[in-house]
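Subject: Handover of a structure

Hello,

Please find below the sequence and the structure you will be taking over. My notes follow directly after.

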Amino acid sequence: MRLTVVGCAGSFPSAESAASSYLVEADDAAGRTWRVVLDLGNGALGPLQRYCDPAELDAVAVSHLHADHAADLVVLGVYRRYRPTGPCPPVRVLGPEGTTERVAQMAGSDPATDTSAQFAVGEWHEGVPVDIGPLRLEPVAMLHPVPAFGVRVTGPAEHEPGRRVTLAYTGDTDACAGLDALATGVDLLLAEAGFIEGRDDAARGIHLTGRRAGEAATTGGAARLVLTHLVPWNDPAVSMAEAREVYAGPIELAVPGAVYRL
């Protein structure tokens, strides 16, 4: 199983990165590559084309419906509808309740941007896993101002196909019991760290800090921590230092194009 960082900017695209989007790929026993995108925020469709043909996605898994995690669903629909070779069959889209309505709202009323036929939308249900080829996606409810889910993705190890590995993606959340459950026993925890300790203490129930991400990794026994969703006005070194105070394992900052082979 491979994780490629397509976009990792928090709340809006930065000068260097699209907003949140992560490509997960795994090969099945027959050698067929399955592809799932975790979130498709503002600007993510552009760099996604460096790593795969978006017409070949098997699913898009949306953590929540804020624009920096879901806006490019609209242009993905345009890409798939207007290909010169003809429209693509519907791709599976998994998201919180209201995903269909949110995509329609972002697309607007122009029939030319109606891409509803390009998506087969299903809703997350807590504790109900979804299998996409060799990948199993398990949604876990998170703490955010809108319905939001983290996703545990389990699939074949990159160099040991008989072994299963798990990555966990937080989406957006503050510390909560669901976050601890999400991080339990994972090989890689991809955790947002949009806030800074001390500066953002008054705004709880929205985002993690580097420290709270590190605490979740420690509590859950995560083997590796990758911090993401850093807004441009954050100093990444501060987020990293916060996490290092409470987590002894390897820590990295997500950057566009980074590939993690599990």
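Arg199 is partly exposed, with a relative accessible area of 42%; in these notes buried means under 20%, exposed over 50% and partly exposed in between, with a 1.4 Å probe and protein chains only. Its side chain meets that of Asp200 in a salt bridge at 2.8 Å, N to O, where a salt bridge is a side-chain nitrogen of Lys or Arg within 4 Å of a carboxyl oxygen of Asp or Glu. Asp200 is buried, at 16%.

This is a predicted model, so local features need pLDDT of at least 70 and side-chain atom pairs pLDDT 80 or more, while totals for chains, interfaces and linings use all residues. Residues are numbered from 1 along each chain as its sequence is written, and side-chain values use heavy atoms, with hydrogens and water left out.

Salt bridges

The structure holds 17 salt bridges. In one of them, Arg212 and Glu197 meet at 3.6 Å, N to O. Arg212 lies in helix α6 (residues 210-220) and Glu197 in the loop between β11 (188-192) and α6, so the pair ties together parts that are 15 residues apart in sequence. Helices (H or I, at least four residues) and strands (E, at least two) are DSSP runs, numbered from the N terminus. Arg212 is buried at 8% relative accessibility, and Glu197 is partly exposed at 30%.

Another salt bridge joins Asp27 and Arg2, whose closest N and O atoms are 3.5 Å apart. Asp27 sits in strand β2 (residues 21-27) and Arg2 in strand β1 (residues 2-7), so this pair connects parts 25 residues apart in sequence. Asp27 is partly exposed, at 34%, whereas Arg2 is buried, at 12%. Both belong to a network of salt bridges that also links Glu25, Arg35, Glu56, Glu158 and Arg261.

Strands β4 and β5 (residues 91-95) run parallel and are joined by 3 bridges. Ala61 has Leu94 in β5 as its bridge partner. Contact means heavy atoms within 4.5 Å.

A further open sheet of 7 strands, also with mixed pairing, runs in the order β7-β8-β9-β10-β11-β12-β13. β7 (130-132) and β13 (251-253) stand at its edges with a single partner strand each, so one side of each has no neighbour in the sheet. Here the strand-to-strand twist averages 20 degrees. Helix α7 (residues 236-244) packs on the sheet, touching β12 (225-228) and β13, and makes about 160 degrees with the direction of β13. Strands β8 (residues 135-141) and β9 (residues 149-156) pair antiparallel over 6 bridges, with Leu137 standing opposite Val153 in β9.

Beyond its neighbours within four places in sequence, Leu167 contacts residues including Met1, Leu3, Val24, Leu188 and Leu262.

Ser63

Ser63 is in the loop between β4 (59-61) and α2 (67-70) and is buried, at 1% relative accessibility. Ser63 and Pro147 are 84 residues apart in sequence, yet 8.6 Å apart C-alpha to C-alpha. Outside four places in sequence, the contacts of Ser63 include Asp39, His69, Pro147 and Tyr169.

Annotation

An unreviewed UniProt entry carries the annotation "domain: Metallo-beta-lactamase" for residues 35-229. UniProt positions are given in the numbering used here, feature names are shortened, and annotations may be inferred rather than shown by experiment. Over residues 35-229 the chain is 24% helix and 27% strand, with the end C-alpha atoms 22 Å apart.

Regards

Definitions and conventions: Two strands pair if DSSP finds at least two bridges between them. Axes are lines fitted to C-alpha atoms, for helices over the stretch in contact, and angles run from 0 to 180 degrees between N-to-C directions.
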